[in-house]
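Subject: Structure handover

Hello,

Here is the structure I promised to pass on. Please open it next to this email and follow along.

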Amino acid sequence: MSASPFELLLDIATRARSGGEEAQARLRIQPHWSGVGFSLLDQRLVVPMGEVTEILKLPELTRLPRVQPWVRGVANIRGRLLPIVCLAGFFGGRPSLNWRAHRALVVEHGDIYCALQVDEVHGLKHFGAEALREGALPDNAALATVTRGAYAAGDGDWSIFQPGLLLNDSRFLDAAL
């Protein structure tokens with residue numbers, strides 16, 4: 001005679017409780033940090049989850065007169081004007097040639113609402129708390145002003161990009177020529 005579903009669940013619960021220390025260790029919650037991974041100027045970066053409101057393919061743009069060359073233009077996103085900034089250009093570099101991989105990370109910080117064009121988005125990245133390297137600097141020195149630490153992973157370091165540092169930078173705020 002086969003056991004009822006309830007009896008099967010009771011059996012599983014009993015075995016899980018008596019599984020010993022190894023089973024209990026697997027059940028413990030591991031502290032972790034999550035962010036959106038992206039590439040910029042041949043550097044791997046990760047932005048905290050709560051800092052990006054949306055990720056877009058680059059929308060159709062309207063160019064703006066008399067602005068810095070790194071200001072790509074504005075786009076109408078659901079009835080709201082969204083300025084789009086080429087981050088590589090702002091940091092004195094060039095975006096990757098693979099324009100199909102370019103994405104826009106939409107950020108809102110106080111009154112500032114804009115999109116940051118990056119070379120490629122790698123999706124969600126999760127790191128264990130022990131992987132944090134607080135004093136680590138990115139390989140690209142220009143990015144050091146907008147990063148704070150890095151997470152070590154099997155595929156290398158991911159510098160932590162802080163949009164608030166960029167959006168409070170007077171050079172970034174002075175986009176007019």
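Start with aspartate 157, which is partly exposed at 29% relative accessibility. Buried means under 20% relative accessible area, exposed means over 50%, and partly exposed lies in between (1.4 Å probe, protein chains only). Before you go on, note that this is a predicted model, where local features need pLDDT of at least 70, side-chain atom pairs count only at pLDDT 80 or more, and totals for chains, interfaces and linings use all residues. Residues are numbered from 1 along each chain as its sequence is written, and side-chain values use heavy atoms, with hydrogens and water left out.

Salt bridges

Aspartate 157 forms a salt bridge with arginine 133. Their closest N and O atoms are 2.0 Å apart. A salt bridge is a side-chain nitrogen of Lys or Arg within 4 Å of a carboxyl oxygen of Asp or Glu. Arginine 133 is partly exposed, at 37%. This pair links distant parts of the chain: aspartate 157 sits in strand E11 and arginine 133 in strand E9, 24 residues apart. Helices (H or I, at least four residues) and strands (E, at least two) are DSSP runs, numbered from the N terminus.

The structure holds four salt bridges. Another one joins arginine 78 to glutamate 54, with the closest N and O atoms 2.5 Å apart. Arginine 78 lies in the loop between strand E4 (71-77) and E5, while glutamate 54 is in strand E3 (residues 54-57). Arginine 78 is exposed at 65%. Glutamate 54 is partly exposed at 22%. Arginine 171 also pairs with aspartate 169, at 2.7 Å between the closest N and O atoms. Here arginine 171 is partly exposed, at 47%, but aspartate 169 is buried, at 14%.

The sheet

Six strands form an open sheet in the order E8-E1-E2-E11-E10-E9, with mixed pairing. Two strands pair if DSSP finds at least two bridges between them. Which strands stand at the edges? They are E8 (120-128) and E9 (132-133). Each has a single partner strand, so one side of each has no neighbour in the sheet. E9 and E10 (residues 147-153) run antiparallel and are joined by two bridges. Leucine 132 stands opposite tyrosine 151 in E10.

Now look at serine 159, in strand E11 (residues 156-161). Serine 159 is buried, at 2%. Its contacts beyond four places in sequence include Arg44, Val46, Pro138 and Gly149. Contact means heavy atoms within 4.5 Å.

The cores

The largest nonpolar core has 26 residues. Such a core is a set of buried Ala, Val, Leu, Ile, Met, Phe, Trp, Tyr and Cys residues joined through side-chain atoms within 4.5 Å. Leu40, Phe91, Phe161, Leu166 and Phe172 have the most contacts inside it. Among the elements that each supply at least two residues of this core are strand E1 (32-40), strand E7 (112-118) and helix H4 (163-167). A second, separate core has nine residues, including Leu56, Ile77, Ala104 and Val106.

Cysteines

How many disulfides are there? The count is zero. A disulfide is a pair of cysteine sulfur atoms within 2.5 Å. The sulfur of cysteine 86 is 13 Å from the closest cysteine sulfur, in cysteine 114, so the two are too far apart for a bond. Cysteine 86 is buried at 7%, and cysteine 114 is buried at 4%.

Best wishes
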